[in-house]
Amino acid sequence: MPPIAAVSGDTGLPPFTPVAIFTEVNLVSLIALGLLVSAALYGYGAWRLRQRGDHWPAGRTAAFVVGGLGSIAAVTVTGIEAYDTTLISVHMVQHMVLSMVGPIFLALGAPTTLALRLLTGRPRKVLLSVLHSRFVRVLTFPLVAFGLFIANPFVLYFSSAYRLTLEHAWVHEFVHVHFIVTGCLFFWPLLGLDPLPNRWPYPARALLMVLSVPFHTVLGLTIMQSNELLGGDWYPNLGLSWLDPKADQVTAGGILWAGGEIVSVTMLGILVIQWVRQSEREAKRIDRALDRQEAENRDQTADNKFGTIGGT
């Protein structure tokens with residue numbers, strides 16, 4: 001089913017309500033198929049590990065399938081997708097979920113670690129070679145990923161690219177994928193649990209996250225205060241009597257502003273928790289090393305003592 005706003009003129013589309021999220025579901029799409037395949041592969045991998053007696057945390061499965069794939073599905077196969085070319089405020093919710101919420105949970109699901117534990121032989125070597133390739137090293141370098149993540153929405157909304165996403169379905173779908181990929185590139189090295197190159201220490205990761213907050217604020221305020229409509233005359237030409245494009249754009253900017261800060265603070269909290277847990281694991285590791293050293297010293301002292309007694 002194509003987006004309802006694909007045709008100009010009064011479509012008879014009612015005002016957006018929470019009920020529309022459930023009544024305008026579209027399960028026949030490439031994104032829906034991709035989500036289903038991803039969930040099946042991840043679930044099969046976790047099941048295989050358990051079958052051979054290996055442990056895989058249920059929390060990681062929930063993060064990847066429910067938090068990651070589930071949040072993406074919530075904005076791509078429901079009424080949010082049906083309205084995302086009609087209301088820019090709805091599109092902005094979709095933008096936030098695809099670029100920030102979904103990637104965070106996907107990273108916490110550690111799918112690469114799952115694949116490495118499951119694969120053997122040549123497939124595992126191929127995956128490792130990709131992870132350590134120069135291309136991946138450059139893309140996952142935090143400053144490069146940060147630049148792509150920050151520049152992405154500015155380029156989209158303040159160029160002709162946004163209008164193209166409204167007019168062409170394939171561009172629209174491509175931007176969805178682009179949001180997810182750039183979000184993953186940014187969050188995976190910062191919050192992810194997978195073994196990736198260019199892993200920065202926690203203080204540097206926290207600083208990079210803090211630096212990302214002002215950009216969402218600036219973008220949101222710019223959209224709210226702009227006298228020009230994003231997409232040009234697209235929204236007025238829909239002819240919807242209940243739609244005020246200017247007011248809706250102000251709402252969209254507010255969503256981006258507030259949502260960006262909320263998500264940034266949340267991910268900073270996740271990072272702090274990871275930092276504390278790593279410090280605790282490191283402290284335990286040091287304690288175990290000291291205990292072993294102390295035991296070795298006691299054994300050596302005892303051996304020297306008995307050796308001295310035997311010699312006398």
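A: Contact here means heavy atoms within 4.5 Å. The model is predicted. Take the pair α9 and α11.

Helix α9 spans residues 142–157, and helix α11 spans residues 169–191. Their axes come within 7 Å. They cross at roughly 155°. Angles over 145 degrees count as roughly antiparallel, and α9 and α11 are therefore roughly antiparallel to each other. The crossing of α9 past α11 is left-handed.

Now the residues. On the α9 side, the contact uses Ala 145, Phe 146, Leu 148, Phe 149, Asn 152, Leu 156 and Tyr 157. On the α11 side, the partners are Val 175, His 178, Phe 179, Thr 182, Gly 183, Leu 185, Phe 186 and Phe 187. By class, this contact has 11 nonpolar residues, four polar and no charged.

Helix α11 also has a part in the largest pocket. That pocket has a volume of about 630 Å³. Its lining counts 24 residues, and the closest to the pocket centre are Pro 111, Thr 112, Leu 127, Leu 131 and Trp 188. Two or more lining residues come from each of α2 (30–51), α6 (111–118), α7 (121–131), α8 (134–139) and α11. Helix α2 gives the most, with six residues. The lining of this pocket divides into 20 nonpolar, four polar and no charged residues.

To sum up, α11 meets α9 in a contact with no charged residues, and α11 also gives two or more residues to the lining of the largest pocket, where no charged residues are found either.

Key: Residues numbered from 1 in each chain as written. Predicted model: local features only at pLDDT ≥ 70, side-chain atom pairs only at ≥ 80, totals over all residues. Heavy atoms only, no water. Axes fitted to C-alpha atoms, helices over the stretch in contact; angles between N-to-C directions. Helix = DSSP H or I, 4+ residues; strand = E, 2+ residues; numbered from the N terminus. Parallel < 35°, antiparallel > 145°, perpendicular 65-115°, else oblique. Left-handed = near helix turned anticlockwise from the far one by under 90°. Nonpolar A, V, L, I, M, F, W, Y, C, P; charged D, E, K, R; others polar. 1 Å grid on protein atoms, 1.4 Å probe; cavity = no way out; pocket = protein on both sides within 12 Å on 5 of 7 lines; lining within 4 Å. Points joined across faces, edges and corners; volume = space filled by probe spheres on them.
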